Every structure is written in C-alpha cells, then in structure tokens.
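Have the structure open as you read.

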Amino acid sequence: MLTLMPQVSAGRVRPLAVTSLKRAEIAPNIPTVAEAGLPGYSASTWYGLFAPAGVPQDVVQRLADAMETVLKDKDVQAKLAAQGLSMVPEVNSPAAFGAYVQTEAQKWQSVVQAAGISAD
C-alpha cells in the first residue's frame, strides 16, 4: 500500500482490490479480492517478532508485553496506519501468533505443492 497509494492518488494506477481480508484503512473505497468475487481470498504481508527456540517463557512474555506496549502507543499506530499497516487483534499473544504462523505455513505449503514449485 505504501508504494502504490501515491500512484493511485496521481491517477496513474486504478486499483481493483486489496488482497487482505479487510479493506485497507488508508484506502477504504478499494474492495477486497473476496468482495470483488473470490470469497475467502486472503494474501497479506505480515510482520512478527521471533525468538530462538528454548528462550524461557518468562522472557518471551516480557518481550510480548513490551511489544504490546509499543503497539498501543497512538503515535506508533498513526505511523503504521499511514503506511497502510494494521494490527490483527486476534493475534495478541505468543501462543496466538504461533498458531497464526502455523496456519499461514500450511496455507502457503498447499499453494506451493499445488503449483509444483520447488527450490531447485
């Protein structure tokens, strides 16, 4: 969204849809792919904080708590929103993020397999 919106604003590009599940806050008039006719479609870039295996759970929780504090800051939220980024409220804990990563891995693994893609 960050790189595309100036092109849209200048009239050089006409967006058809966004690939996220929800409409983008910075472009609420652009429908989602699902709304445009492909129900259930979702392909989004996401970011997360990872730690090496074996990090003690209390350290993981302290990192998660610190990240939550930062992400609740109104200035941080405004800067992220200006870039077209939004939070996924249901991914609000280390366990929920781990489950989300697993779901994404399974989804894209099936796409890779169906397409016959290999790393060779």
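Into which domains is the chain divided? In this predicted model, residues 1-45 form domain 1 and residues 46-119 form domain 2. Their C-alpha centres lie 21 Å apart.

**Where the domains meet**

On the domain 1 side, 8 residues are in contact with 9 residues of domain 2. The size of an interface is often given as the accessible area lost when the parts come together. Here, domain 1 and domain 2 bury about 680 Å² between them, and 57% of that is on carbon and sulfur atoms.

What about charged and polar pairings? The table has the counts.

| Between domain 1 and domain 2 | Count |
|---|---|
| Salt bridges | 0 salt bridges |
| Polar contacts (both residues at pLDDT 80 or more) | 1 residue pair |

**Around helix H3**

Now move along to helix H3, which covers residues 74-82. Which residue caps the N-terminal end of H3? That is Asp73, with a side-chain oxygen lying 2.9 Å from the backbone nitrogen of Asp75. Just after H3 comes Gly84, and Gly84 takes a positive phi of about 85 degrees.

Technical notes:
Residues numbered from 1 in each chain as written. Predicted model: local features only at pLDDT ≥ 70, side-chain atom pairs only at ≥ 80, totals over all residues. Heavy atoms only, no water. Domains from an automatic or database assignment. Contact = heavy atoms within 4.5 Å. Buried area = accessible area lost by both parts, 1.4 Å probe. Salt bridge = Lys/Arg side-chain N within 4 Å of Asp/Glu carboxyl O. Polar contact = N/O pair within 3.5 Å; in protein donor to acceptor, adjacent residues only side chain to side chain. Helix = DSSP H or I, 4+ residues; strand = E, 2+ residues; numbered from the N terminus.
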